[in-house]
Amino acid sequence: MKRNLLFLSLISLIGAARADVVYVSLEKDDAIAVLDGLSGELKRTVKLGKRPHGLALSPDYSRLYVANAGENAIGVLDAASLKPIGALPALKDPKVFALTPDGKRLFVSNDDEQKLAVIDIAQNSIVKQIPVAIEPEGVTASPDGRWIINTSESGNVAQWIDTQSLEIVDRTPADGRPRSSRFTDDGLQLWVSSETGGTVSVIDTASRSLVKKLEFKLPGVAPGLVKPVGIRIDKQRRYAYVALGRADRVAVVDAQKLEVLSYIEVGKRVWFLEFSPDQKRLYAVNGLSDDLSIIDLDQRRTVKTVAVGHAPWGIAVRPESMGQAKAE
């Protein structure tokens, strides 16, 4: 009897360690949806600033940053209670930003002014505005904090910004309308998605040159609907996952051989992706079906679809063990 109880206790502890809290920004609801990632249950919806887009958590998971496009600011929330604790200045209509690994700075793209704003969090101020190519969109930080990547939709380039000098030191060409990028966790590669080009460019970090260009051919899906955006790559660089926009699929890629393996059906216009902390699940934000797809990565299939609200956009995930989000 005692052995059975001990076993059940261990299972309970393992389950708790794998639980997580999922945040999804809802552009048209001016809100954030909060879900239990393990069960898929929508816990609550919290009203906040106007037209929220990109989300990011501080390294210690205590703060949630949200780009409030309608307020020209980056909101700062307590991650557990979701109560506002401040706001950071930003240029007009912020949507996408990256937090440096040390949690000290935010880099925010501004497509109206063709600039990248560098925000010092402690100073609560913009310390520099970096001129970039036309229609800057995606922003990504390298794991070692050396690089910030800004993709230009009209310039069709990935711009390499040195975080010490805050200058652009190189540009790597990409296909039409590069929207997002992601470094591998070892920092050796940068993956850049091109929405209208329908491809993902895999780039060597050391030489900043193209390694391979991935294409996605789905039976029964018109090529014009294949619009890659969000990318996630597991810690061991075994598999990569690419959100294919209006194709309503997530591509599974062998990240070593750089070959597309399969496709997972999700909701309409899948946009951005995020792992659960144990990387057993992948969450896919579906902007036109107003829901979130929960993908079991062992089974490589969507196991649950959860309605979250109108026009879901950004996503962030934190371990539940860092503090359960409490209802107000």
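Which residues lie nearest the centre of the largest pocket? They are A56, L57, R182, R232 and E274, out of 44 lining residues. This is a predicted model, in which local features need pLDDT of at least 70, side-chain atom pairs count only at pLDDT 80 or more, and totals for chains, interfaces and linings use all residues. Residues are numbered from 1 along each chain as its sequence is written, and side-chain values use heavy atoms, with hydrogens and water left out.

**Pocket and cavity**

Both kinds of space are found on a 1 Å grid over the protein atoms alone. A pocket is an open set of points with protein on both sides within 12 Å along at least five of seven lines, while a cavity is a set where a 1.4 Å probe fits but cannot get out. Lining residues have an atom within 4 Å of a point. Grid points are joined across faces, edges and corners, and a volume is the space filled by probe spheres set on the points. In the table, Ala, Val, Leu, Ile, Met, Phe, Trp, Tyr, Cys and Pro count as nonpolar, Asp, Glu, Lys and Arg as charged, and the others, Gly among them, as polar.

| Space | Volume | Lining by class |
|---|---|---|
| Largest pocket | about 1400 Å³ | 25 nonpolar, 12 polar, seven charged residues |
| Largest cavity | about 50 Å³ | one nonpolar, two polar, four charged residues |

The elements that give two or more residues to the lining of the largest pocket are β4 (52-57), β8 (97-99), β12 (136-141), β16 (178-183), β20 (231-233), β24 (270-275) and β28 (312-319). Strands such as these are DSSP runs (E, at least two residues), numbered from the N terminus. β28 gives the most to this lining, with seven residues.

One cavity of 30 Å³ or more is counted. D93, K95, S109, N110, D111, P136 and E137 line the largest cavity. Two or more of these lining residues come from each of β9 (105-110) and β12.

Strand β6 (residues 73-78) has five of its six residues buried, where buried means under 20% relative accessible area with a 1.4 Å probe, protein chains only. Two strands pair if DSSP finds at least two bridges between them. β6 pairs in the antiparallel sense with strand β5 (residues 63-68) over six bridges, and V66 stands opposite G75 in β6. The hairpin of β5 and β6 has four residues between the strands, and N72 in the turn has a positive phi of about 55°.

β6 also pairs with strand β7 (residues 84-89), in the antiparallel sense over five bridges. Here I74 has L88 in β7 as its bridge partner. Five residues lie between β6 and β7 in their hairpin, where L82 in the turn has a positive phi of about 60°.

**Nonpolar cores**

A nonpolar core is a set of buried Ala, Val, Leu, Ile, Met, Phe, Trp, Tyr and Cys residues joined through side-chain atoms within 4.5 Å. The largest has 31 residues, and those with the most contacts inside it are V22, V24, L35, L116, I130, L292 and I315. A second, separate core of 18 residues includes W191, A251, V253 and A255.

Contact means heavy atoms within 4.5 Å. Not counting residues up to four places away in sequence, V24 touches several residues, including L35, L55, L292, W313 and I315.

Definitions and conventions. Buried < 20%, exposed > 50% of the residue type's maximum accessible area, 1.4 Å probe, protein only.
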